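Hi,

Here is the structure I promised to pass on.

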Amino acid sequence: MRVLICGDIVGKSGRNAIRRELPNLKQLKQIDFVLANGENAANGFGITKKICEEFYSLGVDVITSGNHIWDQKEIVEYIKLDKRLVRPCNFSEGTPGNGYAIFEMKNGENIVVINVMCRLFMESVDDPFKSIANLLELINSKIDSAIILVDVHGESTSEKMAIAHFLDGKVTGVFGTHTHIPTSDLHFLEKGTFYQTDLGMCGDYNSVIGMKKELSIKRFTQKHLKTRLEPADGEGTLCGTILDIESKSVKAFEQIILGGKLQKD
Ligand SMILES: [Fe+2]
Ligand SMILES: [Fe+2]
């Protein structure tokens, strides 16, 4: 089983990078399942039904999210209908949508995708450790075995690593999103779980984490103006990782960085 996991898709540049690269990449690398974080796809803030549908048509199987999930108001109703759009599992009880999704693949294997949000330097959410432990218990009671992929959406590297070690041996892979910067620490934890601190973004890197650099600099230098950020609109880079999975464990991984300012090939 070969899975591609893509970092936060930011604005039109990110959507264009997915349009431009994903169909070819899927074919070239024989990808069976695609996960992408879509929390910034709609002009940098949230996601819409139309964008979800376009991602599915391009070959995305599941869309994870994070703190920006509610930025487009229509999503509050839409997420109740779309089981492939996942929000963090540690939002307070009663929040619309699901914190995980289960997929049955053609070969009979199950893939479970979980989204969880960190707390350090972020708005308050329930305890990510406890929420995910409860969720794993629930999933184990529902299905016998599954590939389990966890998108840890967080600002701080330490909290992401701590969650990964907490899940080591219990899930197939843990990978970070939210910072929009790809890290090069892809490795296996002691009990075999794959880990990467951040996948990076799918978006324009001639920017400040996907937003127009001039606006971002102004926001830092003239704080009182509260300048509204807009996504940068140059050529986007697709950032992600390919995981080769056998018997629920990652056997090999490859970091993918295609197009735009970070182009490596
Ligand atoms: Fe993001
Ligand atoms: Fe985020």
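Let me start with one pair of residues: Ile5 has Thr241 in E10 as its bridge partner. That contact belongs to the pairing of E1 and E10, which is antiparallel and runs over five bridges. Two strands count as paired if DSSP finds at least two bridges between them. Helices (H or I, at least four residues) and strands (E, at least two) are DSSP runs, numbered from the N terminus.

Some housekeeping before the rest. This is a predicted model, in which local features need pLDDT of at least 70 and side-chain atom pairs count only at pLDDT 80 or more, while totals for chains, interfaces and linings use all residues. Residues are numbered from 1 along each chain as its sequence is written, chains are lettered from A and ligands numbered from 1 in the order in which they are written, and side-chain values use heavy atoms, with hydrogens and water left out.

**The sheet**

Five strands make up an open, mixed sheet in the order E3-E2-E1-E10-E11. E3 (62-64) and E11 (249-258) sit at the edges with a single partner strand each, so one side of each has no neighbour in the sheet. From one strand to the next, the twist averages 20 degrees. Angles here run from 0 to 180 degrees between N-to-C directions, and axes are lines fitted to C-alpha atoms, for helices over the stretch in contact.

E10 (residues 238-246) also pairs with E11, in the antiparallel sense and over nine bridges. Across that pairing, Leu243 stands opposite Phe253 and Asp244 opposite Ala252. The hairpin of these two strands has two residues between them, and Ser247 there takes a positive phi near 45 degrees. Seven of the nine residues of E10 are buried, so the rest of the structure largely encloses this strand. Buried means under 20% relative accessible area, exposed over 50%, and partly exposed in between (1.4 Å probe, protein chains only).

H1 (residues 11-28) lies across E1 (2-6), E2 (33-37), E10 and E11, at about 25 degrees to E10.

In H2 (residues 49-58), the buried residues are Ile51, Cys52, Phe55, Tyr56 and Leu58. Viewed down the axis of H2, they fall within an arc of 165 degrees, so they line one face of the helix; the arc is that of the directions from the helix axis to the C-beta atoms. Lys50 and Ser57, on the other side of H2, are exposed. H1, E3 and H3 (75-81) are among what covers the buried residues of H2, where contact means heavy atoms within 4.5 Å. Gly59 follows H2 and has a positive phi, near 115 degrees.

**The iron sites**

What holds the iron ion (ligand 1)? Its protein donors are Asp8 (OD), Glu39 (OE), Asn40 (OD1) and His180 (NE2), at 2.0 to 2.2 Å. Donors are N, O and S atoms within 2.8 Å of the metal (3.2 Å for Na, K and Ca); water is not among the atoms, so sites may look incomplete. The angles among the four donor atoms of this ion are 90 to 167 degrees, and the site is irregular. Asp8 is in the loop between E1 and H1, and His180 in the loop between E7 (173-177) and E8 (187-188), so the pair ties together parts that are 172 residues apart in sequence. Asp8 is buried at 0% relative accessible area, and His180 is buried at 5%.

The iron ion (ligand 2) is coordinated at 2.1 Å by Glu39 (OE), Asn67 (OD1), His153 (NE2) and His178 (ND1). Its four donor atoms subtend angles of 88 to 141 degrees, which makes this arrangement irregular too. For the cut-offs: four donors count as tetrahedral if all angles lie between 85 and 135 degrees; four count as square planar and six as octahedral if opposite donors are over 155 degrees apart and all others between 65 and 115; anything else is irregular.

Glu39 bridges the two iron ions (ligand 1 and ligand 2), which lie 3.5 Å apart. Glu39 is buried, with 1% relative accessible area, and Asn67 is buried at 15%.

**One more residue**

Val116, in E5 (residues 110-117), is buried at 0% relative accessibility. Its contacts, leaving out residues up to four places away in sequence, include Ile132 and His153. The C-alpha atoms of Val116 and Ile132 are separated by 7.3 Å, with the two residues 16 apart along the chain.

Cheers
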